[in-house]
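Read the paragraphs below alongside the sequence and the coordinates.

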Amino acid sequence: MKELVLFTVKSCVHTENCFVPISEIIAVEEREFNKKQRNIGRWQKMAKLHAFTVYYVKRARNHRWRCSDVTFWCVDEHLCNQWTQALKESLEMQKSRPKQLLVYINPYGGKRQGKRIYEQKVAPLFNLASISTDVVITEHANHAKDNLFEVNIYKYDGVVCVGGDGMFSEVMHGLIGRMQKDSGIDQNNPKASLVQCNIRIGIIPAGSTDCICYSTVGISDPVTSALHIIVGDCQPLDVSSVHHNNTFLKYSVSLLGYGFYGDILKDNSEKKRWMGPMRYDYSGFKTFLSHHYYEGTIAYQPAKRTHGSPRDKESCRTGCYICKKSEKQLAEQTKEHGLKHEEGEEEWKVIKGKFLAINAVNMSCACPRSPKGLSPAAHLADGSADLILVRKCSRFDFLRYLVRHTNQDDQFDFPFVDVYRVKCFQFTSKLSEDNESNVMDIGKKRFGQFCRDHPACCCNIVNSTWNCDGETLDSSAIEVRVHCQLMKLFARGIEENCKDEAACSQSSIEQLL
Ligand SMILES: CCCCCCCCCCCCC/C=C/[C@@H](O)[C@H](COP(=O)(O)O)NC(C)=O
Ligand SMILES: Nc1ncnc2c1ncn2[C@@H]1O[C@H](COP(=O)(O)OP(=O)(O)O)[C@@H](O)[C@H]1O
Ligand SMILES: [Ca+2]
C-alpha cells in the first residue's frame, strides 16, 4: 500500500500536505483514466493506469465546508483495488452515516430558491455519498408535519428540511409529536416527560433568518449543511414545550419572544412574504418606531444544575463540556427515575414589570443579522434557556441595546436588561391577570387599545403576541419548560475557529497514507 502512496504523492501536480480523517471522506470512486492524460509526459511509457478518487471535506473560511477530491493512480491493478476496497470498508464502518433520508422542500421559503438549492447543490452530493432519498415538495403549510404522522418514519435514518426556521419547526413538531403519539405520551400535560427523538433532522438553509442552522453549524450554507448530514454528525438540542391552561401550544428551539419580536412577526404577515427576507427589516424598523411596552408577570425556576451562566465569555462550541455534563446528568436521571420527570422543589422567582421585550432562547440565536446572537453564551444542549427581560426604556437606549447584537459589546450590560438561565417559566400579561381577577370590569375593555392613564404614551393595553420560532402563538399567558436534549440534528455545533488560516485552507489526505 505504501508503494501506491509514495508514488502518488511524488507524482501529484500540486503536492499539498494532506490530512483527512476517514470520518470526513465523502466517497471513494474507481476511475477510468482517459487516453489524453495517459499520453502526456512520462505517463506515456506506462501500459495501463488504475486509479481511484477520494472525495473529502475541505474546510474553508467562516465554518464553510466544501467537497474536494484527490485522485490516486498506479500501474498495479490489484494494489489499486485493495486500496479502494479498504477505503470503502472503512466508510461502511462509519455507522452514524445516514443511508436513507426523507426530504421535505418548502418551495416558498426565503427567496423561493429551496427547490433549486436542493436539486443543484444538495442532491448531487447525496448521490455521490450513495444516500437514497424520498423527496416531498410541500404544497401547503403543515404538509410536512401532517405527513410525518402518516409515513413509516422508522425506515429513515433522518429527515431533512429545505427551508427556514419555520419549516424546521414544522418538521420538528411532526417528528416529536409522532414520537409522543407512538409512545402514548399526552403532549397536553405540561409536566409529562417527553420521549427523546433519535431520528436526526438535517437543515438545508433556504429561509429568511436561518437562525437554527447558523447557530448549530456556524454558517447558513446549503453545501456545508449537506456535508454535515453526509458525514453523520449528531448534535443534541434542547426543546422548550409551551402550554396554556394544560393545553399544548408549540415547541420552541430558538426564540420565544414577546413584545418586540412578537410584534415584528405580527406586522410581518404572510401578505408581506413577497418581500422575502427583507420583510423582517421593514417590520423591525416599524416595530422599533412604535416602541410599545407591555405589563406582565414572569415567574421562573433558575437552572441550578447547569454549569454556565449567560454572562460567560465563552460560547458553546463543538464538543462543549457544559452540554456533555448535562448529557451525563440526563442519563443518570433517566436511570434513577425512568421516564418519570424529576419534580424540582426549587423556588420560583417572580418579576413584575413593564417590558419592551421578553425573549427566551434555547440557543444563541446567532444568524447572519447578528453573528453572536441574542444570548451569545447560551448552550445548545445544556437543558436550560436564557430568559432576557428588556424593561421599559427610551427609544435611544433600546436602539443601543439592539445595535450591541451586531458588535462586540455586551448587550446585557444595561440597567434595563436582565438575563437569567432558567429551566422553566410562566408569563401572564397584566391584561389577562386583570381579566381573570375581574371579568365584570367592562370599563377596561371599552378603552380598547388606548392607555387610560396616559393616552399619549406607548403603553399598550392590548397584549403582544409570542413569536415561537417564527410562528405566532394564540395565547399570551404561557407556561414553558425546557426538555434537555429532546432531539438531535445532523450538525456538530460551531467548530472553534481555525487559528492557522493557512492550515485551514490546505486539506489533506495524509492520514490515509
Ligand atoms: C440596528 C439594527 C439592529 C438589529 C439587531 C438584530 C438582532 C437580530 C436577532 C435576530 C434573532 C432571530 C431569532 C430567530 C427567529 C426566527 O425563528 C424567526 C423566523 O425565521 P424564518 O422566517 O422562519 O426564517 N425570525 C424572526 C426574525 O422572528
Ligand atoms: N408549500 C407551502 N406553501 C405555503 N407555506 C408553506 C409551504 N411549505 C411550508 N410552508 C410554511 O411556510 C412557513 C415559512 O417557511 P420557511 O421555510 O421557514 O421560510 P421563511 O424563513 O422565509 O419564513 C413555514 O411555517 C411552513 O409551515
Ligand atoms: Ca440550552
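H379 counts as buried because its relative accessibility is 3%; buried means under 20% relative accessible area, exposed over 50% and partly exposed in between, with a 1.4 Å probe and protein chains only. This is a predicted model, in which local features need pLDDT of at least 70 and side-chain atom pairs count only at pLDDT 80 or more, while totals for chains, interfaces and linings use all residues. Residues are numbered from 1 along each chain as its sequence is written, chains are lettered from A and ligands numbered from 1 in the order in which they are written, and side-chain values use heavy atoms, with hydrogens and water left out.

N362 and H379, 17 residues apart, link distant parts of the chain, and each is in the loop between β12 (349-361) and β13 (385-391). Helices (H or I, at least four residues) and strands (E, at least two) are DSSP runs, numbered from the N terminus. N362 also counts as buried, because its relative accessibility is 3%.

The next site is that of ligand 2. Around ligand 2 there are 20 residues, of which G110, T138, G164, E170 and S208 come nearest; a residue is near a molecule or strand if one of its heavy atoms lies within 4 Å of it. Polar contacts are pairs of N or O atoms within 3.5 Å; within protein, one must be able to donate a hydrogen and the other to accept it, and residues adjacent in sequence count only if both atoms are side-chain atoms. The side chain of T138 has an N or O atom 2.7 Å from a nitrogen atom of ligand 2. E170 places a polar side-chain atom 2.3 Å from an oxygen atom of ligand 2, and a backbone N or O atom of G166 is 2.8 Å from an oxygen atom of this ligand.

Ligand 1 has 19 residues around it, and G166, T209, Y280, N467 and D469 come nearest. T209 has a backbone N or O atom 2.7 Å from an oxygen atom of ligand 1, and the side chain of N467 has an N or O atom 2.9 Å from one.

R178 lies in helix α6 (residues 165-182) and counts as buried because its relative accessibility is 9%. Leaving out residues up to four places away in sequence, R178 touches L148, F149, E150, V151, I153, Y154 and H173, contact meaning heavy atoms within 4.5 Å. A polar atom of the R178 side chain lies 2.8 Å from the backbone oxygen of L148.

Three strands form an open sheet in the order β1-β2-β3 with antiparallel pairing, where two strands pair if DSSP finds at least two bridges between them. The edge strands, β1 (25-31) and β3 (65-74), each pair on one side only. β1 pairs with β2 (residues 50-59) over 6 bridges, and E30 stands opposite F52 in β2.
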